[in-house]
Amino acid sequence: MPKSSAPRWYALPLLVLGAAGFAAFWMLAALALDGLCAWLAPLAAVDMVLLLRMAKWPAGPARAAWAALATAGVVAAANFLIVAGQVGQNFGFRPWESALLLGRDYAWLLLHLAADRLDVALWTAGVLVALWAGLNGHRPAPSAR
């Protein structure tokens with residue numbers, strides 16, 4: 001029976017749900033550990049690629065692009081929620097309540113003040129890991145052909 005190389009219809013909704021869940025996990029970990037936890041970016045990249053792979057999205061430029069885009073979205077959303085959570089703690093708000101009130105420019109300023117070069121390097125590494133892992137798929141052994 002030949003394998004279908006077409007992506008499944010549920011691949012992108014699964015990716016969106018996985019990205020939202022990972023961003024929420026990242027925010028909770030960062031607020032509990034009182035840091036940005038930028039080391040989670042490469043793990044987010046691996047998670048995004050695995051979600052697409054479980055949905056049978058074929059390896060190649062499309063999977064790499066979707067995985068990199070989702071990873072960048074996770075990085076942006078998680079850091080926005082971390083900043084919102086830190087500011088909201090001072091006013092007695094929950095992170096999601098604070099996120100609704102926090103402006104983009106103020107969040108960018110606070111993130112710029114909190115992040116260092118290692119954080120930026122880890123965020124960039126996460127996107128690069130997503131690109132690399134999305135391009136490289138599981139290839140069958142020569143004897144299985």
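**Exercise 1. Find the elements with the lowest and the highest mean pLDDT.**

Solution. Helix α4 (residues 95-101) has the lowest mean pLDDT among the elements of the chain, at 91. Helix α6 (residues 117-135) has the highest, at 97. This is a predicted model. Now take the whole chain. Its average pLDDT is 91, and 91% of the residues score at least 70.

**Exercise 2. Compare the span of helix α3 with the expected span.**

Solution. Start with the limits: α3 covers residues 61-91, which is 31 residues. Next, take the span. From first C-alpha to last, α3 reaches 45 Å. At 1.5 Å a residue, 45 Å is expected, so the span is close to expectation. Then look past the end of the helix. Gly 92 follows α3, and its phi is positive, near 80°.

**Exercise 3. Locate the salt bridges and classify their residues.**

Solution. The whole structure holds 2 salt bridges. One pairs Arg 94 with Glu 97, with the closest N and O atoms 3.6 Å apart. Check accessibility next. Arg 94 has 48% relative accessibility and Glu 97 has 30%. Another bridge joins Asp 105 and Arg 104, with the closest N and O atoms 3.9 Å apart. Both Asp 105 and Arg 104 are exposed.

Key
Residues are numbered from 1 along each chain as its sequence is written. This is a predicted model: local features need pLDDT of at least 70, side-chain atom pairs count only at pLDDT 80 or more; totals for chains, interfaces and linings use all residues. Side-chain values use heavy atoms; hydrogens and water are left out. Helices (H or I, at least four residues) and strands (E, at least two) are DSSP runs, numbered from the N terminus. pLDDT is the predictor's confidence in each residue, from 0 to 100. A salt bridge is a side-chain nitrogen of Lys or Arg within 4 Å of a carboxyl oxygen of Asp or Glu. Buried means under 20% relative accessible area, exposed over 50%, partly exposed in between (1.4 Å probe, protein chains only).
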